[in-house]
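Q: I have a new model open and want to learn how to read its features. Where do we begin?

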Amino acid sequence: MEKILKTELKTSVLKAFGSSGGGYISQGQAYETDNGRVFVKINHKPQARKMFEGEMASLEAIQKTNIVRVPQPIKVIDLPGGGAMFVMEYLKMKHLNKYSSKLGEQIADLHLYNQKLGEKLRKEGNTIGKGASYSEFQYVDKFGFHKATCCGYIAQVNEWQSDWPSFFIRHRLQAQLDLIEKDYGDREARELWSQLKVKIPEMFSDVEIVPALLHGDLWAGNVAEDDSGPIIFDPASFYGHSEFELAIAGMFGGFSSSFFSAYHSKIPKAPGFEKRNKLYQLFNYINHWNHFGTGYRGPTINVMRKLLK
């Protein structure tokens, strides 16, 4: 593996430092190279290249906004025995603390970026693009992304849709529940979903949704800081409803009240926010059920019931 890295990175020096790490999906290792320090994620699953290409495209999209810092993506490299590596800039990160409110402001600015771009283009009388591809200066008026991304190890379909409820129902909730059906055949989940599915569009009837570039998996394990400010990483980006981002951030702790206060000072809660937040939490509970098993069945069923009241 290190021989491949040396060749692909065109470096004579490749010296590991620090302890190896990573999450439940991929392993990671930092290296010294001729061109500075890099961090390498390694995954031996067949879908590793797809996962890493989606992450790389997400980092590039966020980086182009020049709003919130992310590691500079460098290269996705195939492993000869299957799987892939993803090389990115090494950042010396520590737990988010001092810059929590700053991150709240930056995430709000990230969510407003596309909207402000659209307003600027309309003011200047420029043509508005259809979101078929990402460019630095193109307004996106649909929901989706130009690349498939993965939430954990589960691939997400990001085909462009004209309206948010259709995208969210089809490509997020239905897609995850199809996996539950396949693996568990849970009758109660199936019946509750059939009742809930038809009620979801009305939850968005009084809110205007402009596609926002999202991190897509903004939980406490994917944010950090260094001496210069906040950092976000491990994204699964797409253009969606800005409120989607806040559900997982609020579910498992790790974000201080100052993060949410700073965020909502720029993007106030719209009418119906609390019910939609439960809907977005539902997605995360189903996703966790798929990843970690039936321990998350109870929370999934409970949220479905609450949403049907």
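A: With charge pairs. This is a predicted model. By the rule used here, the count comes to 16 salt bridges.

Q: What cut-off decides a salt bridge?
A: A side-chain nitrogen of Lys or Arg must lie within 4 Å of a carboxyl oxygen of Asp or Glu. Take Glu53 and Arg49, whose side chains meet at 2.6 Å, N to O.

Q: Where do Glu53 and Arg49 lie?
A: Here is the general idea. An α-helix has 3.6 residues a turn, so residues three or four places apart point the same way. Now the case: Glu53 and Arg49 both sit in helix H2, four residues apart, about one turn of the helix. Glu53 is partly exposed, at 26% relative accessible area. Arg49 is partly exposed too, at 28%.

Q: Which salt bridge links distant parts of the chain?
A: Arg297 with Glu188, at 3.0 Å from N to O. Arg297 belongs to helix H9 (residues 297-308) and Glu188 to helix H5 (residues 187-197), 109 residues apart. Arg297 has a relative accessible area of 26%, which makes it partly exposed. For Glu188 the value is 26%, again partly exposed.

Q: Are Arg276 and Glu243 buried or exposed?
A: Buried means under 20% relative accessible area. Arg276 is buried, and so is Glu243. Their side chains form a salt bridge at 2.7 Å, N to O. Arg276 lies in helix H8 and Glu243 in helix H6, so this pair ties together parts 33 residues apart in sequence.

Q: Why is helix H6 described as largely enclosed by the rest of the structure?
A: Count its buried residues. In H6 (residues 242-251), nine of the ten are buried, so the rest of the structure largely encloses this helix. Among them are Phe244, Leu246, Ile248 and Met251. The cover includes helix H3 (100-124), helix H4 (164-184), strand E8 (212-214), strand E11 (238-240), helix H7 (257-266) and helix H8 (273-292). Just after H6, Gly253 takes a positive phi of about 75°.

Q: How do I read a domain interface?
A: Start with area. The size of an interface is often given as the accessible area lost when the parts come together. In this chain, the parts are domain 1 (12-93) and domain 2 (95-128 + 138-308). The contact takes 24 residues from domain 1 and 30 residues from domain 2. About 2200 Å² is buried between them, with 72% from carbon and sulfur atoms. On the domain 1 side, Ile67, Arg69 and Met93 lose the most area to domain 2, together 26% of what that side buries.

Q: How many salt bridges and polar contacts cross between domain 1 and domain 2?
A: The rule finds two salt bridges across the interface. Five residue pairs are in polar contact. On the domain 1 side of the contact, H2 gives the most, with twelve residues. That side divides into 13 nonpolar, four polar and seven charged residues.

Terms used:
Residues are numbered from 1 along each chain as its sequence is written. This is a predicted model: local features need pLDDT of at least 70, side-chain atom pairs count only at pLDDT 80 or more; totals for chains, interfaces and linings use all residues. Side-chain values use heavy atoms; hydrogens and water are left out. Domain bounds come from an automatic or database domain assignment. Contact means heavy atoms within 4.5 Å. Buried area is the accessible area (1.4 Å probe) that two parts lose on being put together, summed over both. A polar contact is a pair of N or O atoms within 3.5 Å; within protein, one must be able to donate a hydrogen and the other to accept it, and residues adjacent in sequence count only if both atoms are side-chain atoms. Helices (H or I, at least four residues) and strands (E, at least two) are DSSP runs, numbered from the N terminus. Ala, Val, Leu, Ile, Met, Phe, Trp, Tyr, Cys and Pro count as nonpolar, Asp, Glu, Lys and Arg as charged, and the others, Gly among them, as polar. Buried means under 20% relative accessible area, exposed over 50%, partly exposed in between (1.4 Å probe, protein chains only).
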